[in-house]
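Good morning, colleagues. Please look at the sequence and the structure on the screen while I take you through a few selected places.

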Amino acid sequence: MRGAPVGPSGSVPVAARDTVLEVSEVAVQFGGVRAIDDASLVVGRRELVGVIGPNGAGKTTLFDVISGFRRPTRGRVELDGTDVTGRSVAWRARHGVRRTFQRQQVFGALTVRENLLAAVEGDRMRGGVVVDLLGLSSRRSGASRQARRVDDVLELCDLGALRDVPAGSLPIGAARMLELGRALVHEPRVLLLDEPTSGLGEAEAAAMSTALRAYLADHECGVVLVEHDVGFVMDHCDRIVVLNLGAVLAAGPPDVIRADPAVRAAYLG
Amino acid sequence: MDKLIALLVSGAVSGAVYSLLAIGLVLTYSVSRVFNFAQGAIAFAATLLFYELTQGLHWPTVPALVVSIAVVSALGLLVNEVVFRRLAEAEDATKIVATVGLSIAIPALALLIVETAVDTFHASIPRGDNIFLPPGLGPSPKHIWHWGPVTIDSNQVIALSVAVVVSIGLWLLVNHTRTGLRMRATVDRGSLAEYRGIDTIAVSRLAYALSFGIAGLAGITGAPFLSLTPTDYTGILVVAAAAAVFARLRSLPMALVGGLLLGLAQSLFSGYVHLFESIPGLASALPYLLLFFGLFFLARDRRRIAGQVAEPVAADPVAALVWWRRLLPWAVGSVGLVVAFYVVSDYQLSLLTRGMALAIIFLSFTVVTGIGGMVSLSQASFALLGAMVVGKLVAGGMALVPATIVAVAVTALVGALFALPALRLGGLSLALSTLALALIGDTVLFAYKPFTNGSYGWTVPRPTIGPFDLGTDRAMACALLVVVLVIVWIIGNLRRSPSGRAILAVRSSEAAASSVGLSTARSKFRVFVISSAIASLGGVMLATVNGSVSSASLPAQVGLSWLAIVVLVGIRRPAGAVIAALLFVLSPEIIGHLTSSNRIQDILFGLGAVQLAKSPDGILTAFTGARTRARNRRAAVTVADMPVATNTPVASPVRAAGLAEATPILELEGLHAGYGAVEVLHGIDLTVLAGRITLLLGAGGAGKSTLCAAVGGGLAATGGEVRFQGEDVTVLAAHGRIRRGMAIAPESRGIFPGCTVAENLAVVLPDAADRELAYERFPALASRRRVEAGYLSGGEQQMLALAPLVVKPPTLLIADEPGLGLAPMIVDQVYDVLRELRAAGTAVLLSEEKASRVLHLADDVAFLTLGRLSWAGPAADVDVDRLADSYLEARR
């Protein structure tokens, strides 16, 4: 468990936590239904926050608001103190917000290595597309640095042997790992993991956990983890936020959450 | 006034024909998600058959009509079996190309049969091509009636009345028969229809037979106003497509109205609007404009916006080869071609030279569709635009090379405009919108005399570049080969560059691409700009080879057959485009040695469509695939070495002591199931007994819905066995299980939202007396029987889904979280129904996430944890506190 700058209690004041992501009083409405109702979330620069809650609690909607896929009807999303509520998904991604998806979405038409390259190089390089058409892209400044990053992540995620395999043909375990790598390769400030172990066996989930811990050991990154596998969340997170019916029901360190009667009641109905 | 009435009458008549075709398009699209470009070709084939029967064999009208319609309806069944059914899950390009292939092949086949009958068997029937205004169903010569200001002839009366009769007949069938109800239920929610015992495959067969029959009727009644050529019939199809788009490819009445309005609008527009007389084509472009704007505003692809759908795209197997393995075929091929340029006859050389120019155009498909994943039907227009600009500039005194540069730049700009719809639309809508734009170009821009020099067109000379005089075909062919190789090299560079990776990433998943900072708009613009530039360069080269360009030389429709042949050979790789171009120019020559008929090439397109339904990646991949597959298998082995979930069965089947007399209704043995590569259930053993409620508990994502779907037949099991009343039903379709006595209340409300309350009940309870019983039990439903179920409250919807069960208790009910999202009072009513069923002897499998509310209801409990049963036993033995622990410590 990483304790580093965050106290084990999770009740550390916001200022001391050195916030990287702050979601304040966000509400999302679909038609007449409130999917999220006044949810707030604060994530520290080196903190791992788990978000759990029963079906329909609004976990994925919250993720969509943070990553920019959905505009909230109310509330703000701040990245390092800057209001990014109106920014596009791509803009946020370029400024350090990276995510994985509940239903895995690797780039099937690219190889494993190309998936990572696409995530680190972006599409607005100097010289633009003409340089690419003439086959000179590898001479761009920064290209070799990006290639090294990709190699590092391939090693970190244990995907080296699969580097030239088309991502579309990967089994679920490797695909989920690749999605993690794709989110990490750009060295994000905020990492959003949406059910990274869904559909995985125990060994695969353990491998995922190892890679994640290894990365976080020497990178500064705030992580938000949504997961149905509550055990995985309890094992990894410094702090847990419980959502129920779109609102925050409880927040605190794993042990406190586990014993919280309100949380137990929410799960049991 | 007289003019207005005449215009209204003729507009209504053509509108009637459009309506019939549009109805057919909507009918087949809504059941199979395939937009049938061949609808016009079917109309043509039926009309030709009718013409030959009446004019050639002198059959009376009625039997000829019946036989013609019966033949095309049978054709509908056949085509549904061999092509459409296999295409439901295919990529958009594949679907489009398969039906385009049919639209080329079916008329050719029909004409070939007639010609063979005439030439080989000396039948004394007309040859049947290019018949202008053939007689229709009415008397010949036609009767003409004058009613005050109204003048109408017998053919017009017949066309209008057929449209009316077909519409009423179809309306009666759809709204007032059980078959129609099944069709509407299938269209409304296909997955649920199977759960309600409807054989959706049979429904789709019927839809195709009907749709093809109606297309035949449209063709035959429309014949007196058209000339009997495949081109004319394909032309009216595009108008019908606009009507179908206005109906959002869903509503039959809207398709009817849309077709009529289009016919009227077109007629009035051409008769009255003189505003743009200097632009002669504008009136005929009206339906295309309407098609384009209709798509732009109505067909926005919301799935893409929501970003939750990832298109599964197979990777290009060649990309991973070492550089010399990639280059070798190109080197060998180029040397072979150069040798060929020197040894073949002058005529064959001229074909090869044309083929080289076409190859450049075809390579533009590799970029836009093969790499970009978007289907563009406007590549022929880009080619023509480039050639026209060059022709105009050269005529004005500019040299060929600078003129070409200007032309390519102009076309690239236009290409960027064509990318605008791509930002909103995807798949079929995008393809249709590019077709509409191309046809607008044809009817407006390329009909504008100062730009195209009328029907003469422009002369385009062969250039002299430095010391090379390209005046001879041989020199030209060599030069073009160099251009082809340069473009192939450029496409290869693109594919391996950051821009290319961004394009492929956007194609694979727009949501994921934007989540790593890639702009989808930027990628799509790049794709369209590069591909239109390549197409226009090819167009210029083709004009140079031909020595001239005219608007008739490259009509927009030609783009359809080009795309078809490129996809058939292989759209993913540049080699596919080059081979396709060579095939395209050489196949008439090759086939010419075997047969004198010029129809065979067209018919091969149809066979291609069948082939494509089998191997969607094209012949090239099927051909060279064996080696790659072997390599992929080796890769798969490496992948398989990665650790995967091991099967650790925890639970024993639920079999409480002292219940030996209860009959096992449902028995699961080692059931595995999942979605694609994701296995969700890792071996479930479970028994559900008659007259007992078995509660299936588990956290979200544990696999409860998957288990329910696998038992109900909505999801195929990947291993293990499902036994229902002792019978193995593991491979039985859902409707088969329902007919044996299962009932399913799926996770979302089990209703057809577009059908009324009464119709929802009628799907399951055909007997009116049974429905009355249901109303007695649920009076709230009785007062709302004519209301569409989608407008009911959540609670009423759930009652509607459960009502038939109370009237006719099933042997087994699978209820997947029936209380989800409902008010507590309603949930209690739902549970009352379950108790009622239990008392009637039904075995109930009830899946719930939240235990406390249902625990008192259950007789047996099975607890699902991440795809495995972690605990199973009688409800009395459940320890609530341990249950809470198992939610909160799901894995460890």
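This is a predicted model: local features need pLDDT of at least 70, side-chain atom pairs count only at pLDDT 80 or more; totals for chains, interfaces and linings use all residues.

I begin with A:Leu79. Setting aside neighbours within four places in sequence, A:Leu79 is in contact (heavy atoms within 4.5 Å) with A:Val20, A:Val84, A:His95, A:Val97, A:Arg189 and A:Val190. Residues are numbered from 1 along each chain as its sequence is written, chains are lettered from A and ligands numbered from 1 in the order in which they are written, and side-chain values use heavy atoms, with hydrogens and water left out.

A:Leu79 belongs to strand β4 of chain A, residues 74–79; helices (H or I, at least four residues) and strands (E, at least two) are DSSP runs, numbered from the N terminus. With a relative accessibility of 4%, A:Leu79 counts as buried; buried means under 20% relative accessible area, exposed over 50%, and partly exposed in between, with a 1.4 Å probe and protein chains only.

In β7(A), A:Val190 is the bridge partner of A:Val97. Three bridges join β6(A) to β7 of chain A, residues 190–194, and the two strands run parallel. Two strands pair if DSSP finds at least two bridges between them. The open sheet has six strands of chain A in the order β6-β7-β8-β3-β9-β10, with mixed pairing. Which strands stand at the edges? They are β6 (97–99) and β10 (247–252) of chain A, each with a single partner strand, so one side of each is left without a neighbour in the sheet.

Helix α2 of chain A, residues 59–67, lies across β3, β6, β7, β8 and β9 of that chain, at about 150° to β7(A). For such angles, axes are lines fitted to C-alpha atoms, for helices over the stretch in contact, and the angles run from 0 to 180 degrees between N-to-C directions.

Strand β9 of chain A also holds A:Asn244, which counts as buried at 18% relative accessibility. Beyond its neighbours within four places in sequence, A:Asn244 is in contact with A:Pro54, A:Ala57, A:Leu249 and A:Ala266.

I turn now to charged pairs. Side chains of opposite charge can pair when their charged atoms come close. The whole structure has 34 salt bridges over all chains, a salt bridge being a side-chain nitrogen of Lys or Arg within 4 Å of a carboxyl oxygen of Asp or Glu.

Are A:Glu179 and A:Arg182 buried or exposed? A:Glu179 is buried at 2% relative accessibility, and A:Arg182 is buried at 2%. Their side chains meet in a salt bridge at 3.6 Å, N to O, and both residues lie in helix α7 of chain A, three residues apart, about one turn of the helix.

In chain B, the side chains of B:Glu836 and B:Arg777 form a salt bridge at 2.6 Å, N to O. B:Glu836 lies in helix α33 and B:Arg777 in helix α30 of chain B, so the pair ties together parts that are 59 residues apart in sequence. B:Glu836 is partly exposed at 33% relative accessible area, and B:Arg777 is partly exposed at 32%.
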